[in-house]
Amino acid sequence: MNEFIINTLSLGSLYALIALGLVFVYGILKLVNFAYGEYIMTAGYGLFLLGTYTPLPWWSVMLLSVALAALMSYLTELIAFRPVRTKSLTAMLVTSFAVSVLLQNAALLFISPRSRAVQLPAAFNQSVALLGVTTPLRNLLTIGTTVALLVGLTLLMKYTVLGIAMRAASDKFSTTRLMGVPANLVISVAFIISGLLAGVVSVFWVGRSASVDPLIGFTPLLIAFIATVIGGMRSLVGAVAGGYVYGLLFNVLSITLPASVINYRDAFMFLIVILFLLLRPEGLIRGSYTEERVG
Amino acid sequence: MSVLERILNGAPGRFTVVALAALLLVGAVLVNAFAPFVWVGIYTYFCVTLMLVLGLELFMGNSGILNWTYIGFVGIGAYSASILSTDPSLKHMGVPNMYPALVNLHLPVVPALLVGALVAAAVAAVIAWPLMRLSDAVGVITLFATLIVIHVLMTQWDNVTNGPRTFFGVQQFTTIWIATGAAILTLVGTHLFRESSLGLRLRASRDDRFAASAMGVSVVRVRYLTFILSSFVAGLGGGLWAHYITSFSPTSFYVGELFVLLTMLVVGGAGSISGAATGAIIITVLREGLRQVESYLNNSGVISFEVYGLTEVVMAMLLIAMLIWRPTGIVGGSEWRLPLRRKQAAAAPSPEPPAEPVLETEAAEEAK
């Protein structure tokens, strides 16, 4: 039982971070960013390239890789999303889809279609005993990092001018701008935070498989979709809650589903998502009013 | 009024449709008579792709909703038609786990194609009603989630689809003539739909949902009916595609292929039939060209590593550039006209609005 709790908490923490990164941008720009998974991929290749070809110590490799994901996120905002921001929602969506395809295939073209091994410090995978359960240190690190990041982000959003401006912007963007908040700044910061979270996610995600490939971002993207839908697209707290609920649901389904239908687990997950959207489109935690249904 | 004049003076876009149909036919005759054999294949493939793009435009262009599931319905049509048309003994070899009842089902190709399209339409009819009530981000994620569900079913249900493995043994039925004919029929069909009452109501709901429903348009209903129609075209196109390519796997019906169709539509112009056709032509030429470059680079030994993904990189950059600088596409939302008629249209106020931008209006007024 203790093992189940630790596994679920660790998985849920990772999923919460994944979801949070997506919602940061969605909250302000109303853009479902399909390129989000590619920020995770970027950091993964950062880990691979810096870890393999430079003599840097592992902690600076990790920090640089996280920064690289944030940079990539900022660059995509600057180059691709900013010019289409004033156009329709569909235009932004297609843009993010195109950015995703572009980054994926750039990795295919310039690095390799095959997956690359990523060196992480051995301590990362060492088992430790806690509450009578042996678990990889990585799981505990995931939980710890998530808690630290959540506390930090909460402080940022609650007590700094920037955070308050961002919360206001996700509530009512035009009014916020009338109050003298520069739109570009708020949106850029949202993308940078989204990229930072993607980078941190990447360290743990790549840590699980110890390899990186061009398609690595797709699964986290799906996870982010599911978690944000469950938790509520409109609120940061909702995204975190959705991440943990999804982690729980995933582990429960993995244990309880019979072997013959385990392969359909993703289909089940997405059916749950569709039902959620139809029956409770605001998610577990209701954000401010938004129009999401016609008729 | 002569017949020619009637054609030219008809609803906006009628000239385009007639001209495009003629062009397709002439193209098919020329390619078949003079071009090398490879070109005949490329042309056939192009016609089927054009049909698929037109089917995507049917819903997306007229409703303004990004339809992620479209490619899933292409897959449903392809699998259904292939299962029905393939000889039982071949099926037994190709898909060892298939349900005996399915193995013994056998139809000639044409009815099989129609049934495949009907299956796609039926699936759409069952699942689409609630989906059409959703809009904006939630609608997008739901349609995307539906595509994932369809894809998981295709890759896992190996009693029907052979799972993630290749489904092979489909007979080659789609010739250049059949493909051209299908593309022309779709062209005429999408045009008629556009000018029909349903098409007009749907376009009204795209341009202003609230004004349209105030005028008595049931937004969900018109979207629903068009979604089914679009899925029917997808299913038929998928069947024809399968009977050209003869062996395929579920990855052919996933985001990668949808990206190609979407690029064609957006680069050409998502608001019009001319746009869809122009995009299909340009992207097909671009893809074939880039493929040549890729295989040249890989075979000539100019560079030491293998080139993958160059085609997609260029296409994605083109798509992003179009969205930034010309989101209405090359054609710009309205249908092609004769140069002379364009002048006339500019001089006299035309009943048709100048452009029907799908990707530019309804601007996120929040984020200007």
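**A helix of chain A and its setting**

Mentor: Take H4(A): its 22 residues, at 1.5 Å a residue, should span 32 Å, and the C-alpha atoms at its ends are 31 Å apart, which agrees. Keep in mind that this is a predicted model. Of the 22 residues of H4(A), 21 are buried, so this helix is largely enclosed by the rest of the structure.

Part of that setting is the boundary with the other chain. In all, 48 residues of chain A are in contact with 48 residues of chain B. On the side of chain A that touches chain B, at least two residues come from each of helix H1 (2–29), helix H3 (58–84), helix H4 (89–110), helix H7 (173–178), helix H9 (218–231) and helix H11 (265–279). H4(A) gives the largest share of that side, 15 residues. Sorted by class, the side of chain A that touches chain B holds 34 nonpolar, eight polar and six charged residues.

Chain A contains 11 helices and four strands. A compact globule of 295 residues would have a radius of gyration near 19 Å, and chain A has 19 Å, which agrees. Along the principal axes, the C-alpha atoms of chain A fill a box of roughly 55 × 45 × 40 Å. Of the 295 residues in chain A, 50% are buried. Taking the contacts in chain A between residues at least 6 apart in sequence, 75% join residues at least 24 apart.

One pair of helices in chain A can be described in detail. Two packed helices are described by the angle between their axes and the distance between the axes. Helix H5 (residues 137–159) and helix H8 (residues 183–209) of chain A pack at an angle of about 170°, and their axes are 11 Å apart. H5(A) and H8(A) are therefore roughly antiparallel to each other. From H5(A), the residues Arg138(A), Thr142(A), Thr145(A) and Leu149(A) meet Val200(A), Phe204(A) and Gly207(A) of H8(A). By class, the residues of this contact between H5(A) and H8(A) are three nonpolar, three polar and one charged.

A loop residue of chain A is also worth a look. Lys30(A) lies in the loop between H1 and helix H2 (36–53) of chain A. Its phi is near 60°, a positive value in a residue other than glycine. Lys30(A) has 19 C-beta neighbours inside 10 Å and so counts as partly exposed.

Chain B has a residue that can be described in the same terms. Thr246(B) sits in the loop between H13 and helix H14 (255–268) of chain B. The phi of Thr246(B) is near 65°, a positive value in a residue other than glycine. Because Thr246(B) has 16 C-beta neighbours inside 10 Å, Thr246(B) counts as partly exposed.

Within chain B, the buried residues of helix H11 (residues 197–207) are Arg201(B), Leu202(B), Arg203(B), Ser205(B) and Arg206(B). These buried residues of H11(B) pack against helix H3 (37–63), helix H12 (209–214) and helix H13 (219–245) of chain B. Elsewhere in chain B, Pro130(B) is found in helix H7 (residues 109–132). With 15 C-beta neighbours inside 10 Å, Pro130(B) counts as partly exposed.

Terms used: Residues are numbered from 1 along each chain as its sequence is written. Chains are lettered from A and ligands numbered from 1 in the order in which they are written. This is a predicted model: local features need pLDDT of at least 70, side-chain atom pairs count only at pLDDT 80 or more; totals for chains, interfaces and linings use all residues. The radius of gyration is taken over C-alpha atoms; the globule rule is 2.2 Å times the number of residues to the power 0.38. A residue is buried if 20 or more other C-beta atoms lie within 10 Å of its own, exposed if 12 or fewer, and partly exposed in between; C-beta atoms are placed from the backbone. Two residues are in contact if their C-beta atoms, placed from the backbone, lie within 7 Å. Axes are lines fitted to C-alpha atoms, for helices over the stretch in contact, and angles run from 0 to 180 degrees between N-to-C directions. Angles under 35 degrees count as roughly parallel, over 145 as roughly antiparallel, 65 to 115 as roughly perpendicular and the rest as oblique. Ala, Val, Leu, Ile, Met, Phe, Trp, Tyr, Cys and Pro count as nonpolar, Asp, Glu, Lys and Arg as charged, and the others, Gly among them, as polar. The expected span of a helix is 1.5 Å times one less than its number of residues.
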